[in-house]
Amino acid sequence: MPREKNTDIYVAELLREAEIKATAEISGIKDIDEALKTASKRGTGKLGSPEFIAQVKDFVLIIEDKRDTNFHIKWNEDQSTLDRSVDATVNYAVNGAVHYGEHVAKHTPFKKIFAVGVSGDEVHHLIQPVFYDGKTISILDPVETFINFNEQNIDAYYNEQVKGIRADEELELEEIVKLAAELHEYLRDYAQLGETEKPLVVSALLLALQDPSFKLDDLIGDEVKTDGDIVWEALSNHLKRIRVKPDVKREMILDQFTIIKNRQSLNKKRDDLGMTPLKYFGIYLQKNILQALRANVKEDILGRFYSEFMSYSGGDGQSLGVVLTPSHICELFCDLLDVKPTDTLFDPCTGTSSFLIAGMHRMLKNAKDEHQRSEIKEKQIHGIELREDMFTIATTNMILRGDGRSNLECDDFFNRSAEEIQRTIAPSVGMMNPPYSQGKNDATSKLREISFVEHLLDCMAEGGRVAVIVPQSTMIGKNGEDKKTKRRILKNHTLEAVITLNKNTFYRVGVNPSIAVFTAHKPQPKDRLVKFFNFEDDGFVVRKHVGLVETETAKDKKQRLLDCFRGKREAPTKFMVETTIEADDEWLHSFYYFNDEIPTEKDFQKTIADYLTFEFDMITHGRGYLFEEVSTC
């Protein structure tokens, strides 16, 4: 067969994007090149040369490619083992890659081989990794990029996909979920706290523990100066120390924490604990939570706690429309919107401040100096939260992440005009997870998710980038008013992309979510192509007793999404459709999807076989007349 030039170029681009230094046909590694001198796929003992070879740490990556996906992989008749015949080795990508992998493992010290078969073109392709350790062939799940095989990711990928070892991050998350559930029980059993009170007590103690003058040993259960008085004084001092301003904001936060002083069940010694429940909770948090919170800059630990508490609330969270955003979605927003240190970030439905934390850390990471970092914290992070308890949680979360002066306000987003926000904030980046299912009738129509989206877009600076996560029904348009809103959005703004997400993104909530990306104050041109993605297979899975966790395949799948979103790659329509849109359309991948894959010979043969089976079955059941030609005379 001729060399697969087009596929070679595509594979080379994928390797460059993954920052893998690969060579064509020869490796430059003495042992491997010596072994390949006798690695002919025809078994002649002559030279054999795979398309690409790379050494990554102590792994060897060997890649064979074919232009035609019909020559991707050939199985034996049992369909469970690779065909190792000369014909299969010569003509099929995966079989050829495995051949070279075995040869290298047999004749060199390298025993950790990823043999990868690639077939097809940039749009329709298959990438199949196989691991060989010198003894056993392990067929792994297909991938979309080579990002799992670079120096940063290959060890974790090998441990999870080959050895079945769970990642440290997953184990840490499992422990956090376990601790959250345990603390929930303690808060209920020892202090008789309600569901919305629990996170406030947790937040108050976490803030008090930040103050250098506060010591848990000072909590002795005194009836005159109670433990709650001491905690209150410490958290009040800490808010002053870190200069939370204005005073009205500080007082609002303190007002939410009066439960610490006023609840007798928190401040009375219990014989079974030998201390007050407040002290017991403080010790628990210091020992089990505070260290994890300080060490982990990505995971919204406090938000996760709040989410766990709400999951026990008998549906209270959902009835209030509270759906907390997972951290990986916050990170994805930062990628989609390309958040920069010069941006001004705005979230009008702050919740626990997950978006603001993710955006702030992205901006601080790329800041050029300390002055710019100070500017980011003091002037470029803005949020609005309606609920006072959630506002307190959000502020606490930001404080614990090193920002006590972020511009969070407790207010109704719809009380603020677009003109005012443009004048006072002028946000260049907007992120939002609005309350769900609030607009039940005409009187509350402004509370529909699509109304939140429109108002946020109107509030942005010209050319502002916006991402929102909403139920898929929002992108359809639930009624005539929603469709009118969609028309106004297209009249004034541009829809860039809609991403259909994993149905378990909001685990245990029962929402099918999607992400919509917009550019503000640039009307939608009629011929503008919008990208619609089916990203349900995102590499996140539900684990028992943990919830939604990230597997190592998530990096690969996310990179493919970002590459396609940024125009670096094409993709089959089952993953991405680019099309013009109308306001009355359902702005979802499923609405625009069409099958653009050319059927293979095997598909044709299967269709014919199915038809013949159907015809035979009809004839044997006395219905052969269905296939007789009808005379037109």
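So, Thr485: leaving out residues up to four places away in sequence, Thr485 touches Ile450 and Glu454, where contact means heavy atoms within 4.5 Å. Thr485 sits in helix 23; helices here are DSSP runs of H or I, at least four residues, strands are E runs of at least two, and both are numbered from the N terminus. At 4% relative accessibility, Thr485 counts as buried. Buried means under 20% relative accessible area, with exposed over 50% and partly exposed in between, using a 1.4 Å probe and protein chains only.

Quick caveat before I go on. This is a predicted model, where local features need pLDDT of at least 70 and side-chain atom pairs count only at pLDDT 80 or more, while totals for chains, interfaces and linings use all residues. Residues are numbered from 1 along each chain as its sequence is written, and side-chain values use heavy atoms, with hydrogens and water left out.

The axes of helix 21 (residues 449–459) and helix 23 (residues 480–492) come within 10 Å and cross at roughly 20°. Axes are lines fitted to C-alpha atoms, for helices over the stretch in contact, and angles run from 0 to 180 degrees between N-to-C directions. Helix 21 and helix 23 are therefore roughly parallel: that label covers angles under 35 degrees, with over 145 roughly antiparallel, 65 to 115 roughly perpendicular and the rest oblique. Helix 21 brings Ile450, Val453, Glu454 and Leu457 to the contact, and helix 23 brings Asp482, Thr485, Lys486, Arg488 and Ile489.

Now compare another pair. How do helix 16 and helix 17 cross? Their axes, for residues 327–336 and 354–365, come within 9 Å and cross at roughly 50°, which makes helix 16 oblique to helix 17. On the helix 16 side the contact is made by Ile329, Cys330, Glu331, Phe333, Cys334 and Asp335, and on the helix 17 side by Ser354, Phe355, Ala358, Gly359 and Arg362.

Last one, Trp587. You'll find Trp587 in the loop between strand 17 (576–579) and helix 25 (589–592). Trp587 is buried, with a relative accessible area of 0%. Not counting residues up to four places away in sequence, Trp587 touches several residues, including Met475, Lys486, Leu490, Phe532 and Tyr592. Lys486 also turned up in the helix 21 and helix 23 contact. The side chain of Trp587 reaches the backbone oxygen of Glu582 at 3.0 Å.

Notes: Polar contact = N/O pair within 3.5 Å; in protein donor to acceptor, adjacent residues only side chain to side chain.
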